[in-house]
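Got your viewer open and ready? Load the model below, and let's walk through it one selection at a time.

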Amino acid sequence: MSNIVRLVIACVFFGAAVALCVFGFWGWGILVLLMGGMLLLTFFFNENMLISQYYLRKENSDKAEAFLAKVNDYEKQLHKGQHGYYNLLIGLIESRKAPLKSEKYFKKALALGMRMSHNTALAKLSLAGIAMAKRNKREAQMYLQEAAKDDKNKLLSEQIKMMKSQMAQMDKQVVKGGYRQF
């Protein structure tokens, strides 16, 4: 259902709630008001994205992908503030299958913007991992520094430290008779 249809239905529910309260049916009016509030809430937070986020936290990426697939045209179905989060979720799901293909989704999520800084830090951390997989140390360092700066609540500090230690190991790649010299 598109966002405009949700908004119109929510307004109809609010109007019906006011009419029910005016005619003395307070119980039904409050119930219809709550239902309208739920519909208005789905205008700002899409239920498919919330459910897929839940399944991603439970490590069930198949169900998360199934719920994200229900969003056919995200530009029409989602509020503009959710476009970045949609691409972030797709990038996280895609990174479990083919990490190098998920780069475009993370970059698009950063370009569209996200309100919460730890989500931008997560996208930049994922981009740093992809850059390390491509053996691009300079880009990986840049993304790691930006991720550390965006991670204000230190939710990803352990992952950032681990990524930095892995980056230090990139220089010590084993070659035929010893270590590689620069």
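Before the first click, a word on naming: helices (H or I, at least four residues) and strands (E, at least two) are DSSP runs, numbered from the N terminus. This is a predicted model, where local features need pLDDT of at least 70, side-chain atom pairs count only at pLDDT 80 or more, and totals for chains, interfaces and linings use all residues. Residues are numbered from 1 along each chain as its sequence is written, and side-chain values use heavy atoms, with hydrogens and water left out.

**Stop 1: the loops**

Select Arg135, which sits in the loop between α8 and α9. Its phi is positive, about 65°, although Arg135 is not a glycine. For background, most residues other than glycine have a negative phi. At 46% relative accessibility, Arg135 counts as partly exposed. On that scale, buried means under 20% relative accessible area, exposed over 50%, and partly exposed in between (1.4 Å probe, protein chains only).

Next, pick Glu59, in the loop between α3 and α4. Glu59 is another residue other than glycine with a positive phi, near 65°. Glu59 has 58% relative accessibility, so it counts as exposed.

Now jump to Lys152, in the loop between α9 and α10. Lys152 counts as exposed as well, at 62% relative accessibility.

**Stop 2: helix α7**

Select α7, residues 103-112. Which residues of α7 are buried? They include Glu103, Phe106 and Ala109. Look down the axis of α7: its buried residues fall within an arc of 130°, so they line one face of the helix.

What do the buried residues of α7 pack against? They pack against α6, α8 and α9. Just after α7, click Gly113, which takes a positive phi of about 90°.

**Stop 3: the nonpolar core**

A nonpolar core is a set of buried Ala, Val, Leu, Ile, Met, Phe, Trp, Tyr and Cys residues joined through side-chain atoms within 4.5 Å. The largest one here has 36 residues.

Zoom in on Leu88. Leaving aside residues up to four places away in sequence, Leu88 touches Phe106, Ala109, Met114, Asn119 and Ala123. Contact means heavy atoms within 4.5 Å.

**Stop 4: the pockets**

First, how pockets are found: on a 1 Å grid over the protein atoms alone, a pocket is an open set of points where a 1.4 Å probe fits, with protein on both sides within 12 Å along at least five of seven lines, and lining residues have an atom within 4 Å of a point. Grid points are joined across faces, edges and corners, and a volume is the space filled by probe spheres set on the points.

Select Gln53, Arg57, Tyr85, Leu89 and Asn119: among the 23 lining residues of the largest pocket, these lie nearest its centre. Its volume is about 710 Å³. The largest share of this lining, 6 residues, comes from α6. By class, the lining of the largest pocket has 13 nonpolar, 6 polar and 4 charged residues. (Ala, Val, Leu, Ile, Met, Phe, Trp, Tyr, Cys and Pro count as nonpolar, Asp, Glu, Lys and Arg as charged, and the others, Gly among them, as polar.)

The second largest pocket holds about 240 Å³ of space. Its lining has 13 residues, and Ser95, Leu125, Ser126, Gly129 and Met163 lie nearest its centre. The elements giving two or more residues to this lining are α6 and α8, with the largest share, 6 residues, from α8. That lining divides into 9 nonpolar, 4 polar and no charged residues.

Terms used
Arc of directions from axis to C-beta.
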